[in-house]
Amino acid sequence: MSLAAEAFVSQMAAAEPWPENATLYQPLKEEQILLSDCASSLAVQTYLKMCGLPVQVVCKTNAEFMSPSGKIPFIHVGNQVVSELGPIVQFTKAKGHSLSDGLDDVQRAEMKAYMELVNNMLLTSELYIQWCDDATAAEVYEDVSQCCQALSQRLGTQPFFFNKQPTELDALVFGHLFTILTTRLTSSELAERVRSYSNLLTFCRRIEQTYFEDKNS
Amino acid sequence: MALSMELRCWGGGWGLPSVHTESLIVLAYSKFSGAQVTASPIDWTWKTLTATVPELICGESSVTDPTQILNFLRKQRFNADYELTARQGADTLAYIALLEEKLRPALLHTFWVDAENYSNVTRPWFASHSPFPLNFVVPCRHANIAISRILLTKGESPLNRINEIEAKLYSDAKECLNLLSYRLGTANYFFGNSPTSLDAFVFGFLAPLYKAGFPSSPLQSHLGQLENLTQFCENILAVYFSSSQPSSPSSVQETKDANLQKLTQLVNKESNLIEKMDDNLRSSSPQHKPHRPEPKPSLANEKNSTPA
């Protein structure tokens, strides 16, 4: 979205409270959705749950084409359509819901940096796994390990990345890690690498139980 | 490990040891970690077209890409990150990702795509540092690579044009600069009192933007307002790149010690002079003895009372 369009959406967003019939669109789960899209969609769903904002998940084969930016997921709230985690976080913030307000400037800087790390390494690895074959797979797996190690170090023994309160970083990390762990791929190397970090596993389980407990696993 | 190491890189300009971000990152890290690396500028050679820079050559092996080069140096025991905790190492990775994702595209745009900057600053420099006839080819090639890179990573689709995403590019970059400024605060370096690889990366990204003589660049002005970041660059230049000879950190420390010694001697001389003047003025008074005041009067008494 261009800068002007984003500003416009924020202004419109501030006008109305979150409706009951908000919907999230993504491609079909079993047959269609790609690994990276699944992760992004889960991240957004987790974020909305953490904010306590109800949303109905609808699977559509033409979700990509319905999206204003071509990227998934996107949400339909009131008479507005917003796609991707970044703009959605801004959108909910305009409506008065934010997870990162309690952070000071330095912490917010760290949070953004770690989100870029996840986008840079995990997302790229997922895209790679989906589309490319194993020629440079070793490098990709190494990147994933590095990223997981960094996340594991940063998380430590805390419940969330910024101690007691979840933020959009927790949503993003959960979306990606959970997807990697639960999706059946031709090679289980990726999942194995993630599994070797026990605090990340615990983190994923905890978020799953807290926010998705009525979902059948 | 006394293998000599040679770094092929773009040469210096604008008050910097190199105008090229990647080369600057490696040069800075070498200084921080005490690695003796000889800089071999590719300027005015055909390597301006053929080589990938920076390239570190050590004996038979050669390594390209700043991250790989830094890993190589660490394996050779030139490790500026030795004292970092695991958490700080994780933070390093995260902040480097931030630089690459949020700052890099806008820097590419500022140097290679913005028409005024490109024609007044970037192209003249690179053209004048490439041999004939490459001066017609090299800048243009870099500019095209820059445009493709920006569109691939930031454009919604490859068919978008640059000016549609310009505003977002620069607002992301300004936010990134703000975040770096918050994180650095009033410290000299990002992790404590000595510089690490993160400092090398930030320096490599910021210094060319800070120093290039652009006719007008909002991003450059924005950086100029973040005093702790500009001070960060100046500090590294002064401490690690000030003389024409490559000075390692230990020799800088020696210089500081030598200066301190000279200062102490000067102070001592001064105080002796003052004492003499004092004596002359009060020559009649027996209480003011013509020697430096002892810190422990008991010692003087002890000496006096030592039995013969």
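**Sheets, domains and the chain interface**

In chain A, helix α4 (residues 85-94) lies across strands β3 and β4 and runs at about 135 degrees to β4(A). Contact here means heavy atoms within 4.5 Å; helices (H or I, at least four residues) and strands (E, at least two) are DSSP runs, numbered from the N terminus. Axes are lines fitted to C-alpha atoms, for helices over the stretch in contact, and angles run from 0 to 180 degrees between N-to-C directions. The model is predicted, so local features need pLDDT of at least 70 and side-chain atom pairs count only at pLDDT 80 or more, while totals for chains, interfaces and linings use all residues. Residues are numbered from 1 along each chain as its sequence is written, chains are lettered from A and ligands numbered from 1 in the order in which they are written, and side-chain values use heavy atoms, with hydrogens and water left out.

The sheet of chain A is open and consists of four strands in the order β2-β1-β3-β4, with mixed pairing; two strands pair if DSSP finds at least two bridges between them. Strands β2 (56-59) and β4 (80-83) of chain A form the edges, each pairing on one side only. From one strand to the next, the twist averages 25 degrees. Strand β1 (residues 23-26) of chain A runs parallel to β2(A) and is joined to it by four bridges, and T23(A) stands opposite Q56(A) in β2(A). Helix α2 (residues 35-51) of chain A lies across β1, β2 and β3 (74-77) of that chain, at about 170 degrees to β1(A).

Chain A is divided into domain 1 (3-94) and domain 2 (105-211), with bounds that come from an automatic or database domain assignment. The contact between them takes 13 residues from domain 1 of chain A and 21 residues from domain 2 of chain A. About 1,500 Å² is buried between these two domains, 80% of it given by carbon and sulfur atoms; buried area is the accessible area (1.4 Å probe) that two parts lose on being put together, summed over both. Within domain 1 of chain A, L35(A), S36(A) and M50(A) lose the most area to domain 2 of chain A, together 41% of what that side buries. The count of salt bridges between the two domains of chain A is zero, a salt bridge being a side-chain nitrogen of Lys or Arg within 4 Å of a carboxyl oxygen of Asp or Glu. Helix α2(A) gives ten residues, the largest share of the side of domain 1 of chain A that touches domain 2 of chain A.

Chain B also contains an open sheet of four strands, in the order β2-β1-β3-β4 and with mixed pairing. Strands β2 (37-41) and β4 (61-64) of chain B each have a single partner strand, so one side of each is left without a neighbour in the sheet. Strand β1 (residues 5-9) of chain B and β2(B) run parallel and are joined by five bridges; R8(B) stands opposite S40(B) in β2(B). Helix α1 (residues 21-33) of chain B lies across β1 and β2 of chain B, at about 155 degrees to β1(B).

Between the chains, 20 residues of chain B are in contact with 20 residues of chain A. The two chains bury about 1,900 Å² between them, 61% of it on carbon and sulfur atoms. Three salt bridges are found across this interface of chain B and chain A. K102(B) forms a salt bridge with E116(A), with the closest N and O atoms 3.6 Å apart.
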